[in-house]
Amino acid sequence: SDMDLFKTLCRLGSELVSLHLMKSPELDNLITEFKGEGDNVVAAIGKNSYKDGKLSINKTQYFEGIPEEVYNFHIGGYQVCQKWLKDRKGRELSEEEIEHYQKIVVAINETIKIMKGIDEVIEGHGGWPVR
């Protein structure tokens, strides 16, 4: 019933699809850095692994620059940033996997922004349209 709202939501939805399929050019704008010397092997990831934007994968290596809101983001009951690493416990991360993880962080960060934008657009149109 509101064509302008519909078109705007379509555009925002398309951006989300592109991010979630890992095809968005926005994913190349990494917001994290992988730091430290070591073997890139993922140790136990737990509650104490993340602090002040820094997520440790072992005693000497970590991702730096992960926003707290991104780290705490859940999809389907899973904390994505934590689950991805937990699934690789005991494995050595390749350079490609490290970059992929950094792109996941970007995708979640952008998803959060778009979700807020969707809420603002709907509110700006007087709420969800009723037939």
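## Overall layout

Welcome to this protein chain, which has four helices and six strands. The model you are looking at is predicted.

Along its principal axes, the C-alpha trace spans about 60 × 25 × 20 Å. The accessible surface of the chain comes to about 8,300 Å², and carbon and sulfur atoms account for 51% of that area. Of the 131 residues, 40% count as buried. If you take the contacts between residues at least 6 apart in sequence, 66% of them join residues at least 24 apart.

## The four-stranded sheet

Four of the strands form an open sheet in the order β1-β4-β3-β2, and their pairing is antiparallel. The edges are held by β1 (33–35) and β2 (50–51); each has a single partner strand, so one side of each is left without a neighbour in the sheet.

## Helix α4

Helix α4 covers residues 95–124, which makes 30 residues. At 1.5 Å a residue, a helix of this kind should span 44 Å. The C-alpha atoms at its ends are 43 Å apart, which agrees with that expectation.

Just after α4 comes Gly 126, whose phi is positive, at about 80 degrees.

## Salt bridges

Side chains of opposite charge can pair when their charged atoms come close. In this model the count comes to eight salt bridges. One of them brings together the side chains of Lys 103 and Asp 28, at 3.5 Å from N to O. This pair links distant parts of the chain: Lys 103 lies in helix α4, while Asp 28 sits in the loop between α1 (3–20) and β1, 75 residues apart. Asp 28 has a relative accessible area of 54%, so it counts as exposed.

A second example joins Asp 87 and Lys 83, whose side chains meet at 2.8 Å from N to O. Asp 87 counts as partly exposed, at 47% relative accessibility. Lys 83 is partly exposed too, with a relative accessible area of 28%.

Helix α4 also holds a pair of its own. The side chains of Glu 110 and Lys 113 meet in a salt bridge at 3.2 Å from N to O. Because they are three residues apart in helix α4, about one helical turn separates Glu 110 from Lys 113. An α-helix has 3.6 residues a turn, so residues three or four places apart point the same way. Glu 110 counts as buried, because its relative accessibility is 15% and the limit for buried is under 20%. Elsewhere, salt bridges that share partners join Asp 28, Glu 99 and Lys 103 into one network.

## Cysteines

How many disulfides does the model contain? The count comes to zero. A disulfide is a covalent bond between the sulfur atoms of two cysteines.

Cys 10 counts as partly exposed, at 38% relative accessibility, whereas Cys 81 is buried, with a relative accessible area of 0%.

Definitions and conventions: Residues are numbered from 1 along each chain as its sequence is written. This is a predicted model: local features need pLDDT of at least 70, side-chain atom pairs count only at pLDDT 80 or more; totals for chains, interfaces and linings use all residues. Side-chain values use heavy atoms; hydrogens and water are left out. A disulfide is a pair of cysteine sulfur atoms within 2.5 Å. Buried means under 20% relative accessible area, exposed over 50%, partly exposed in between (1.4 Å probe, protein chains only). Helices (H or I, at least four residues) and strands (E, at least two) are DSSP runs, numbered from the N terminus. The expected span of a helix is 1.5 Å times one less than its number of residues. Two strands pair if DSSP finds at least two bridges between them. A salt bridge is a side-chain nitrogen of Lys or Arg within 4 Å of a carboxyl oxygen of Asp or Glu. Contact means heavy atoms within 4.5 Å. Accessible areas come from the Shrake-Rupley method with a 1.4 Å probe; for residues, only the protein chains shown count as cover.
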